[in-house]
Amino acid sequence: MQTIARRKLSHLQQVGALGAEVGSLLEAGFWEYAPDSGAFSCSEFVYELLNIPASVTLGGFDALLPFLSEQGQADLTKAWESLVTNGEDLNCLMEVPNNAKAAWVRIKGKAIARNQRGTKIIGTIQDVTEFVLREKALVSEKIAAEHTAQLKAEFVSYMSHEVRTPLNAIMGLTYLLLQEDGLKEEHKENLNSIHFSSQSLLALINNTLDYSKIEAGKVELEKVNFHLKDLLKNTHQALCLRSMEKKISFDLSIDPRTPSEVAGDPVRLMQILNNLLGNAIKFTDHGSVKLGVEVIYQNNQEWVLEFSVTDTGIGIPLDKQESIFESFTQVNSSTHRQYGGTGLGLSITKNLVELHKGSIQVKSVPGEGSKFSVRLRFVKPQASLVTLPKTGGSKIPFSKLRGVKILVVDDNVMNKTVATKLLTNWHAEVDTAEDGLAALGKMDSSAYDLILMDLYMPNLDGFQTVSKLRKLGHQLPVIALTANASEGERKKIFEAGVNDYLTKPFVPQDLFNKLLQHLDSSKILN
């Protein structure tokens, strides 16, 4: 009998030693509680984890509480009551007060049956300090990254506003001068050069902003019905001047099976084509550029179209054909010195194509030229969607605005001058105000058919002004002029009660179309 007892004691000692080794390996201590007798026991590692002096005897589970943080004591007490009363598993993350360093443990507990004679509760206390510190570091890094991204977005938005505002004046005044009769050919050429340069600057600004928005995941595709063939012809026509200046041919080839009208995002499609065509013309000094579209697949509901841009320009080495789609990347430094650009165009194009769930490929031979192919899916026009009007064709008679009274509200003198000259050139009657307070004063003494409202002004900004107008019961249409076209800005514009908006710098034709859209039809001359 003594031999058996000694063997049992030896076995228990071995199990105890093994438990200690396992606990140390897992950095976890074990505990057990018997609700019937109130007996509580735990491994030595529990003492080590909670910094419990060896002289202390733990008479029950609640004896652990003084060695935890104040908040931890409250959480653990509540979780323990749920475990004992309702049998709910205990799982708490606790901070351990320690002057030397921060420490955390995870305490777990579970009720288990014991030979149908009641239950016992077993659990573990594990050191999770490393995990918690790593998680806190990741959270801190995330917050810092989000803060940096926010600062970057604000900077880009601010710079956009500061650059777009004077650019709006340059483009508007250039347009007005080009409309004058009897303009000398020499002056006309100079004005066209200014117009071309301002368009290039605008494209640079738009690319920078789009890159920022794509990075932030804030670009969403629109879905409207639009005239595809018109878009292709207008895109071709708009870039013909640039190709003529370089004395290269620029051809357009449209597959006869191409649908005239589709549903999709015409703005993003035009951006993709403009980026590819702009590069093709820029990097081609001799020969030709060609825009083509071919139907790859079609059924009763959709088409897969391949848009191709082919040139006889400088070409791209094989080892660079993947990297050109990366941000801020060009073939080499001499390319930037000779041709300029930021290296964002193709990166944005690739992102926009992927946003369409499409594909883009390039084939190129240095010295012979390049061919970019983009495959996109479009669906049939849908009655539930907005249908964009056809563009191009005969010139709209601007005299239709004769007798229409418009209030222009803007604190920038040049922008106010440009808007006023455009509107009077279209035979509208124009009044101006330098800020929101002045605009409200004008509204008290005069009746207007429409307001063109800048959003950021001293004293009373555009958002506040429109909000006050609506509260006063004025329902006349308001078109906002903004240099910031972000998603947040658009939401804020419409929440203020604005009917529509134009991003500065705007194309005069777009402003005219917006006016026709929102003015009372009885006020517009036929």
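## Contacts, confidence and aromatic pairs

Among contacts in the protein chain (heavy atoms within 4.5 Å) between residues at least 6 apart in sequence, 64% join residues at least 24 apart. This is a predicted model, in which local features need pLDDT of at least 70 and side-chain atom pairs count only at pLDDT 80 or more, while totals for chains, interfaces and linings use all residues. Residues are numbered from 1 along each chain as its sequence is written, and side-chain values use heavy atoms, with hydrogens and water left out.

The protein chain has 14 helices and 17 strands; these are DSSP runs numbered from the N terminus, helices being H or I of at least four residues and strands E of at least two. Of its 526 residues, 41% count as buried, where buried means under 20% relative accessible area, exposed over 50%, and partly exposed in between (1.4 Å probe, protein chains only).

Confidence is given as pLDDT, the predictor's value for each residue from 0 to 100. The mean for the protein chain is 82, and 83% of its residues reach 70 or more. Strand E10 (residues 302-311) has the highest confidence, at 96, and helix H8 (residues 333-339) the lowest, at a mean of 43. Over residues 333-342 pLDDT stays under 50, and the model has 16 contacts beyond four places in sequence for them. Residues 392-396 are also below 50, with five contacts in the model beyond near neighbours in sequence.

The structure holds 11 aromatic pairs. Rings of Phe, Tyr and Trp (its six-membered ring) pair if their centres lie within 6.5 Å; planes under 30 degrees apart count as stacked, over 60 as edge-to-face and the rest as tilted. The planes of Tyr33 and Trp80 are at 70 degrees, with ring centres 5.4 Å apart, so this pair is edge-to-face. Tyr33 lies in strand E1 (residues 28-34) and Trp80 in helix H3 (residues 70-86), so the pair links parts of the chain 47 residues apart.

Phe494 is partly exposed, at 42% relative accessibility, whereas Tyr501 is buried, at 16%.

Helix H9 (residues 345-355) has several buried residues, including Gly345, Leu346, Ile348 and Leu352. H9 is followed by Lys357, whose phi is positive, near 60 degrees.
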